[in-house]
Amino acid sequence: MEQRLSVLRAAKLAGVTRAELQFRIKQGDLPSFDGTVGVGDLLNLYPATRMSDDRTLEKLEKIKAAALGKDIANRSLPDPRVLAERLARLGHQLTRLRQQNEQYAVVLESLENRLRELEQEGDASTRAAVLEIKRTVQSALHQERVESYASGARTDGGSWMTVMAPQVRLVPDDHEFLVEGADTVLEAALRAGLSIAYGCSNGNCGECKARVVSGEVREVRPHDFVISETERTQGYALLCSVAPVTDLVIEVGVASSPDQIALQSIDALVREIQRPKPHVMLLRVQTPRTRRLRFLGGQYARLRVGDEAVEALLPLANCPCDDRNLVFHVAEDREDPFARYCFEHLRKGDPVAVEAPFGDFVIPGDVKRPLVFLACDTGFAAVKSLIEHVIALDEAYGIDLIWVATGAIGHYQDNLCRSWEDALDSLRYRPLRVNSVSGDPETWSATLAGALTRLENPGACDFYIAGPQPFIAVAQDLLKRINVSAEQCRSQTVPPER
Ligand code: FES
């Protein structure tokens, strides 16, 4: 019987995004059944798929790393006890398969003996029937050998993935992700861009408690929060403390809209200040080890700095999956006390009070349609957060990014956008420059109109617009003129209005 793989695993082994594979299934290029694809069909479509080593998995991870700027080389191996248990299970599975093979060999041998007897004893028509049966059996066996050879030890891919990257399905929302390296289930879910409930991420608060419906987990991190014996027998575990031994199904909610995430206040520290251009600052603050900010890509935060507690509302410029890091883009503005404080006084190690998340500039639920992002100046921060979130969700297909730069700020993360474009076949980046009058709506209109006419099918896309209010108004007006409805557009004023 042909081995089947989940769409998620098949995508990893073929080295493509899950979105691309789902697209090919929808197009009829790849047969699927019950959320799985056959190994043979996968190999026909992607002949370079390797089933017995981690080359393709690495390739996809490199795409993500390039896109998200993360170091994947330092991902460590699974916890040794977990790895030992997974290998022991694989050993049992192989023993069972071997026993099954031996039984088949015995059945085959007795079939051969019986056919030989019939051949010797029977008349001409019996001998013809026996010959026909032999040919059918030989042809089936030959076909099986050819397919096994073509797939290169065809069972290895799925089994290897189970050992190195067990799959987790979250119900009832039906999200899937793989747990790689030494990640706990919580860490892997966050890396996959899934916003499940959690608080401290180190076993203290109990907010990540969820029920493991099927499969087996092992505790790999110590925790102070106590799970009662009754809860344990019901399958409850702290997702920040356990790693999967097998594939899992876990009952836990995934937040997909802002009203599902509570407002949080966190005292963080400045970890890094970068100045990619003289008039813009990339501010990376880090939350304490015991706290992470829960938010959705595209939302914004209130920051307070300095003895005078000067504050600003700023879009979060990174993916919610980015560990304890929170990134903000600050444009130089002498009239703005917060920006002035950042440019003149803020240093690495300074405290920053963060209150978040705010706003509804998020991608609701599953990404079903091509996405077009329109950003102006530091409106790019909000768009960047959304794009990184979409990439983490592995649903990055059909993305257009149009970034309009005015004045002296420029395309301060141009290289990053180009690396996205290099890494993801489905992403197109168009930097546009408005040189004449900074912030002049008519100039924006003329510049944007040309870019929008180059979109393939705007009526089938969803639009996310971030920047100053006049830019949003111009973009919305242009989109209306090409028959894009208001329901297809979401916008975020940057800086957010108080
Ligand atoms: S997140 Fe606090 S115990 Fe897991």
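Strand S6, residues 209-214, runs antiparallel to S8, and three bridges join the two. Helices (H or I, at least four residues) and strands (E, at least two) are DSSP runs here, numbered from the N terminus, and two strands pair if DSSP finds at least two bridges between them. Within this pair, look for Ala 210, whose bridge partner in S8 is Ala 237.

A word on what you are looking at. This is a predicted model, in which local features need pLDDT of at least 70 and side-chain atom pairs count only at pLDDT 80 or more, while totals for chains, interfaces and linings use all residues. Residues are numbered from 1 along each chain as its sequence is written.

Five strands make up an open sheet with mixed pairing, in the order S4-S3-S10-S6-S8. At its edges are S4 (175-178) and S8 (236-238), each of which pairs on one side only. Val 168 stands opposite Phe 177 in S4.

Finally, the whole chain. You will find 14 helices and 22 strands in it. Of its 498 residues, 39% count as buried, meaning that 20 or more other C-beta atoms, placed from the backbone, lie within 10 Å of the residue's own.

Note on methods. A residue is buried if 20 or more other C-beta atoms lie within 10 Å of its own, exposed if 12 or fewer, and partly exposed in between; C-beta atoms are placed from the backbone.
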